[in-house]
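I opened my notebook to go through this one piece by piece. Here is what I looked up, in the order I got to it.

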Amino acid sequence: NERGARVLGHPADQALGQRMGDMLPHWHSEGMFGKCLGVMRTGEPLEEEFESNVFGEQLWLRHQIVAIEDGVAVTARNITERKRAEMAVRQNQAELQAVNDASPLGLVRADKDGKCSYVNRTFEAITGMARDAALDDGWFGAVHPNDRDMLRASLRHLNTTQQAFQDTLRCVNTDGKIVWTSIKEATIVIDNQIAGYVGTLDDI
């Protein structure tokens, strides 16, 4: 069709009867023709997303290759805009994580039920607890047993008042050392609903 003709860079009437390899020689190096041959041999359709150089422009395409009686049928859709948006989100997330890890404060993020979803490197250094171990309710294990009730009460306070909370909290490092910290907590509010909590730990 006309969209396919634009991808090929030839008018539809001129593209008919020409070899794909002559019109899109770079598809040899990108393995496109090998994929077509594989579909012809197996009869199994192939659908995937891939990056391709189309007449000097790097595009992301989503294509489907289906075996037909005398070869294959290929449909392709330009998804470059969506892929670039996804990559921008991933880059922003990576940059935010780098900033968090560089922070001198320990950071904790929890959902509305108080289950941890993220801690930064400074939290790990203060508590000796690895990120994976801190997830869900694991982060309470880094808190001194006598301070855990206070921590839970602070989350209830946040849930009721949505006002930031600050106090002194003892953490217990995995090496047994008690670390005194100043803890500050605040709510994460989306559309007037509490979606979670964020807290900082300052080693004092």
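Just after α5, I found G43 with a positive phi of about 80 degrees. A reminder to myself: this is a predicted model.

**Entry: helix α5**

I went back along the helix itself, which covers residues 32-42. Buried residues there are M32, F33, C36, G38 and V39.

What does K35 pair with? I found a salt bridge to E48, with the closest N and O atoms 2.5 Å apart. That pair links distant parts of the chain, since K35 sits in helix α5 and E48 in strand β1 (residues 46-54), 13 residues apart.

**Entry: counting salt bridges**

How many salt bridges does the whole structure have? My search came back with eleven. Side chains of opposite charge can pair when their charged atoms come close.

I picked two more to look at. E86 and R82 form one, and their closest N and O atoms are 2.7 Å apart. Both lie in helix α6, four residues apart, which is about one turn of the helix. E86 is partly exposed at 28% relative accessible area, and R82 is also partly exposed, at 35%.

The other joins R121 and E124, at 3.1 Å from N to O. These two are in helix α7, three residues apart, again about one turn.

Next I looked up K83, which is in helix α6 (residues 80-102). Is K83 buried or exposed? It is buried, because its relative accessible area is 11% and the cut-off is under 20%.

Leaving aside neighbours within four places in sequence, K83 is in contact with E49 and W60. I also checked K83 against E51: they are 32 residues apart along the chain, yet their C-alpha atoms are separated by 9.7 Å. K83 belongs to a network of salt bridges too, linked with E47, E49, R62, R82 and E86.

**Entry: strands around β4**

Strand β4 (residues 106-111) has six bridges to β8, and the two run antiparallel. One I noted pairs D111 with G196 in β8. On to β5: three bridges join it to β4, also antiparallel, and V108 has V119 as its bridge partner there. β4 and β5 make a hairpin with four residues between them, and G114 in the turn has a positive phi of about 85 degrees.

**Entry: the core**

Which residues of the largest nonpolar core touch the most other members? They are F123, W139 and L201, out of 22 residues. Elements giving two or more residues to this core include α7 (121-127), α9 (148-161) and β8 (193-203).

Beyond four places in sequence, its contacts include W139 and L201, plus G106, L107 and V108.

**Entry: a nonpolar patch outside**

Last, I looked at the surface. I178, W180 and I204 form a nonpolar patch there, with about 330 Å² of accessible area together. I204 lies in the segment after β8, and it is exposed, with a relative accessible area of 62%.

Technical notes:
Residues are numbered from 1 along each chain as its sequence is written. This is a predicted model: local features need pLDDT of at least 70, side-chain atom pairs count only at pLDDT 80 or more; totals for chains, interfaces and linings use all residues. Side-chain values use heavy atoms; hydrogens and water are left out. A nonpolar core is a set of buried Ala, Val, Leu, Ile, Met, Phe, Trp, Tyr and Cys residues joined through side-chain atoms within 4.5 Å. Buried means under 20% relative accessible area, exposed over 50%, partly exposed in between (1.4 Å probe, protein chains only). Contact means heavy atoms within 4.5 Å. Two strands pair if DSSP finds at least two bridges between them. Patches are made of residues with over 30% relative accessible area and no salt bridge: like charges are joined within 9 Å, nonpolar side chains (Val, Leu, Ile, Met, Phe, Trp, Tyr) within 5 Å. Accessible areas come from the Shrake-Rupley method with a 1.4 Å probe; for residues, only the protein chains shown count as cover. A salt bridge is a side-chain nitrogen of Lys or Arg within 4 Å of a carboxyl oxygen of Asp or Glu.
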